[in-house]
Amino acid sequence: MKLAKFSLRLRIFFAMILLVLLASILIAAVTIFQYNEEAKAYHKERLDRKEENIRSNIDYTIKATTYEVTPEKIPLIFKDAIYEIATIHNMEINLYDLDGGLLKSSKASFNVDSLSQCLDAPVLNAISHSLDRRYVRKTDQNGENYLSSYSIITDKRFKPLAILNLHYLENDDFLNIELRNFLARLGYAYFIMLIIAVGLAYLLSKYISKSIKQISDKMNETRFATSNKKIDIGSTSEEIAILVNAYNSMIDELEASAVKLATSEREQAWREMAKQVAHEIKNPLTPMRLSVQSFQRKFDPQDPNIIHKVDEYSATLIQQIDTMSSIASAFSNFAEMPAQQNEQLNVVSIVKLALDIFNEDYIVFIADKKEVIAKFDRTQLIRVVTNLVKNAIQAIPDNGIKTPKVVVEVREDGEFVIISVTDNGKGISEENTAKIFEPKFTTKSSGMGLGLGMVKNIVETYNGNITFTSQLHEGTTFTVTIPKE
C-alpha cells in the first residue's frame, strides 16, 4: 500500500512512532558497541597492569638470585618463583628463550605438554620488529577468548634474557550481565517513552490535521457568488498561519472581484432589461399609432356609424394600454424587491396558502411533516411558490395527450428546508438549460420572462439555491433549498 493513500494525520502519527523506534534501536546498537569497546579497553588495560606488576616481580627475582643471570640459568632462577608469581597474580606465566623455546612454565608438569614448546616465527618477528619489543595477540582456546602478550625481559644492564608470555583470559561474564541489565532498564524506559510518544503523536497529529481540515472545509465551502467567511483558528504554527493568511487574502480578493463582477453584470442586466422593456412597449405602440392615423383619416362626424367606430377604436387602444400596463407591472415586480421581513414561519402552511389561489385540481401537495419552521419573508415565500407553480402549469401542453399533474413537496433535510415543484410538461431543451434563469429569457409567446429570475434573486438573498432537472417531453422539477436560519 502506498504511503500517499494514508491521511496526513496517520502519516504524522506513524512517522513519529517510527522515529522513536528507530531512535531506540540506534541507541541500543550504540550502547552495545560502546560496551564492547569498553570491554576491550578494560581487558587491555588490565593485561597491561598485570604485566607491569609481573615484570616488577620478575625484575626483583632476577636481582635477588644467587645464580649467574644468563639465559641458560633462567629455569633455575625461576624454579620456584614462577609458581609464586603466578599464584599471586592468578595468571599463567611462560618463559621462552630468545629463539622461542620453552624454558619454564607456571603450569603443572603434566599440563606443560599442552603448551607450544616453541614460539611461532610470526610471533618472534613481531617482537623483534616492534619498538617496545612487545607483541599481543588474541587467541581462542576451547571456546574461551585469551589475550597472549609476549615481551622481552632483561637484566639490569638491559641485556635480553628471555621472552615473557602471559596468558590472560577475557572473562566478559560480569560485563555481559551488566550490559543485559542496562539493556533491560533501557527497554523499560523506552517502552514507557513509546507509550508517551504514541499519546503525543496522536495529539500532535490530531492538532495539525485539525487545522488543515478546517482550512480544507472552508476551501470546499468557498463559492464565488456567495459571501465567504475568513478562517480564524487562533494560535497555531507559523506554517499553518501562513496558509490561513493566504486563504484570507484570497477571500478578500475574491469578494472584491465578485463585487466588481456583480456590478458589471447588474449594469449589463439593466441595459438588456431596458432594451427588452423598450422592445415590449414598442409592440403595442405601433398598432395604437396606426389606429389613431386610420381614425384621423376616416373620421366623419356625419357618419351614422361613428359611435360604433369610436367604440372599436377605444377598445383597440384600451387593449394595447392594458398590455403596456402588464409589462410595466412585471418589470416593477422584478425591479422593486420589498425589504426582507424575516420571521419564523411554518413553511408547510405558507406553501398551502400560496396554492389556494390556483383552481387547477391536478395540483398535489406533499409534506413529510405538518410543521417545518424556518426564518423567511412570508410575501417572498408566496412569490417563490406561485411563480414556480405558474411556470409548471404553463409548461403542460393543452393537447389532451397526457393527464396534467403538478406536485409540490415540502421536506426537511437537517438545517435546510427543501421545496420542490414537479410537472409532467414539455420539459426544457438542452439549449435552453443555461438561459433558464436569465431575466429576459422566456419560451412563451407572451410575458417578460422575469419570474424565474425573480425567484432566483429571492432564494439567493436568503443564502439558498435553486436547481432544476428536466427531461424533454417528460417534465421538469425545480428544487429550492433554503437554510432554516
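The structure is a predicted model, in which local features need pLDDT of at least 70 and side-chain atom pairs count only at pLDDT 80 or more, while totals for chains, interfaces and linings use all residues. Residues are numbered from 1 along each chain as its sequence is written, and side-chain values use heavy atoms, with hydrogens and water left out.

pLDDT is the predictor's confidence in each residue, from 0 to 100. Its mean over the protein is 78, and 75% of the residues reach 70 or more. Residues 443–449 stay under 50. For this stretch the model has 18 contacts beyond four places in sequence, a contact being heavy atoms within 4.5 Å. Where pLDDT is low, the predicted coordinates should not be read in detail.

Four aromatic pairs were found in a search of the whole structure. Rings of Phe, Tyr and Trp (its six-membered ring) pair if their centres lie within 6.5 Å; planes under 30 degrees apart count as stacked, over 60 as edge-to-face and the rest as tilted. One of the pairs is Tyr-135 with Tyr-150. Their ring centres lie 6.3 Å apart and their planes meet at 20°, so this pair is stacked. Tyr-135 belongs to strand 3 (residues 134–141) and Tyr-150 to strand 4 (residues 144–154), so the pair ties together parts 15 residues apart in sequence. Strands (E, at least two residues) and helices (H or I, at least four) are DSSP runs, numbered from the N terminus. Tyr-135 is partly exposed, at 27% relative accessible area. Tyr-150 is buried, at 5%.

Phe-376 and Tyr-462 are also stacked, because their ring centres are 4.0 Å apart and their planes at 20°. This pair links distant parts of the chain, 86 residues apart. Phe-376 sits in strand 8 (residues 373–376), and Tyr-462 in the loop between helix 10 (451–461) and strand 11 (465–471). Both Phe-376 and Tyr-462 are buried.

Definitions and conventions. Buried means under 20% relative accessible area, exposed over 50%, partly exposed in between (1.4 Å probe, protein chains only).
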